[in-house]
Amino acid sequence: PSQTEAPFNWGDPAEGAGSSQDIVAAAKLAVVGTWQSNEDPLFERSFSANGTVVDSYDGKKDTAGTWTMFTGDSAADAKYPFVVGKAYLRITDGAKPEDDLYFSIEKITPESLEMTYMARGNTLTFKRAN
């Protein structure tokens, strides 16, 4: 076996010439779609690639707005203690900036989404809707 061939080089930090993944770009791609709440299956949140978000309850549109993703090191305001290198989500309806909703992204997979509502500290869990 060679030290330069799999499986011996798996996880080599030099892979990719030392470049790291852009967590915001990855999170943006992963969050697009419709998510059903694990706590209340009647609640769904749909993120569109164009930056719009729609909340629905029992199949009826409840609220709509826009969403943006950012990292703690690029946070424009200090409303919350943002952590450098962590992905965050802001949902706004465009009316008053003080009413914007901020979430820290805890986990995104193709099947599940976990995010913490920063105003209260509670974690919301979702599964991808069919």
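Predicted model: local features only at pLDDT ≥ 70, side-chain atom pairs only at ≥ 80, totals over all residues.
Local features were taken only where pLDDT is at least 70, and side-chain atom pairs only at pLDDT 80 or more, while totals for chains, interfaces and linings use all residues. Residues are numbered from 1 along each chain as its sequence is written, and side-chain values use heavy atoms, with hydrogens and water left out.

The protein has 1 helix and 8 strands, these being DSSP runs (H or I, at least four residues, for helices; E, at least two, for strands) numbered from the N terminus. Read along the sequence, the order is α-β-β-β-β-β-β-β-β. Of the 130 residues, 32% are buried, meaning under 20% relative accessible area with a 1.4 Å probe, protein chains only.

Next comes the largest pocket, with a volume of about 210 Å³. A pocket here is an open set of points on a 1 Å grid over the protein atoms alone, where a 1.4 Å probe fits and protein lies on both sides within 12 Å along at least five of seven lines; the volume is the space filled by probe spheres set on the points, which are joined across faces, edges and corners. Its lining (residues with an atom within 4 Å of a point) comprises 13 residues, with Arg45, Asp55, Thr63, Ile91 and Leu101 nearest the centre. Strands E2 (43-47), E3 (52-57), E4 (60-71) and E5 (87-92) each give two or more residues to this lining.

Finally, Ser112 sits in strand E7 (residues 112-117) and is buried, at 18% relative accessible area. Beyond its neighbours within four places in sequence, Ser112 contacts (heavy atoms within 4.5 Å) Trp35, Lys107, Phe126 and Lys127.

Methods
Buried < 20%, exposed > 50% of the residue type's maximum accessible area, 1.4 Å probe, protein only.
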